[in-house]
Amino acid sequence: MRLLIMGPQGVGKGTQAKLLAEHYGIPTISTGDIFRANIKNKTELGKKVLEYTSQGFLVPDELTNEIVRDRLAQDDAKNGWILDGYPRNVAQVSALDEILEGLGGQLDAVVALTAPTNVLLERMAKRAKEEGRADDTPEAIQNRLNTYDKETTPVLDIYQQRGKLVTVNGVGEIDAISEEIVKALDAKLG
């Protein structure tokens, strides 16, 4: 199973991706996790990523695409994966299409989690307090939500047109949301 999990910041993508990965026995691949691990370990990639993120910029597509290409080619991803945080714009959709073509695979489905903005802001404020994340100021959160609306919503439109999109409400009990996702995927993929 090859899945994308998408939705605005704070909707619970990471949590649901982990549960789906367990359910389907496939790895979760989070571009954000890859970036953070490389920054923490002070790798060459981490240094490049930090040049952008420390200034509040997104990591450029070329760098992100290369990381995804490399990660999807690894042995543990041969039987499927869940991509979290990619593609985030229309150009990355084309890059992912090329990556999948090169690997001889195709995307099975795209799970889009939704939640009202006030719920997302509340969740992010709670996360900022619990995790002490300096990048989770109210202004930064609102900016990322605006960027998501502008850049990522068109990605969802593309996958809707391709018949790959499954939309699930991201508000509620974690296990109930997970069950709803699996039920929607089962119905879509038969």
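Colleague: Leaving aside its neighbours within four places in sequence, with which residues is Gln106 in contact?

Modeller: This is a predicted model, in which local features need pLDDT of at least 70 and side-chain atom pairs count only at pLDDT 80 or more, while totals for chains, interfaces and linings use all residues. Residues are numbered from 1 along each chain as its sequence is written, and side-chain values use heavy atoms, with hydrogens and water left out. Contact means heavy atoms within 4.5 Å. Once neighbours within four places in sequence are set aside, Gln106 is in contact with Arg2 and Leu100. Gln106 lies in the loop between H5 and S4; helices (H or I, at least four residues) and strands (E, at least two) are DSSP runs, numbered from the N terminus.

Colleague: Why does Gln106 count as exposed?

Modeller: Buried means under 20% relative accessible area, exposed over 50%, and partly exposed in between (1.4 Å probe, protein chains only). Gln106 counts as exposed because its relative accessibility is 52%. Leu121, in helix H6, has a relative accessible area of 29% and is therefore partly exposed.

Colleague: Which residues of the largest nonpolar core touch the most other members?

Modeller: In soluble globular proteins, nonpolar side chains tend to be buried together. A nonpolar core is a set of buried Ala, Val, Leu, Ile, Met, Phe, Trp, Tyr and Cys residues joined through side-chain atoms within 4.5 Å. Here the largest has 30 residues, and Leu4, Leu72, Trp81, Leu83, Leu96 and Tyr159 touch the most other members. Apart from this core lies another, of 22 residues, including Leu3 and Leu113.

Colleague: Which residues lie nearest the centre of the second largest pocket?

Modeller: Rolling a probe the size of a water molecule over the atoms shows where empty space is left. On a 1 Å grid over the protein atoms alone, where a 1.4 Å probe fits, a pocket is an open set of points with protein on both sides within 12 Å along at least five of seven lines; lining residues have an atom within 4 Å of a point. Of the 14 residues lining the second largest pocket, Pro8, Ala115, Leu120, Tyr148 and Asp149 lie nearest its centre. Helix H7 gives the most to this lining, with six residues.
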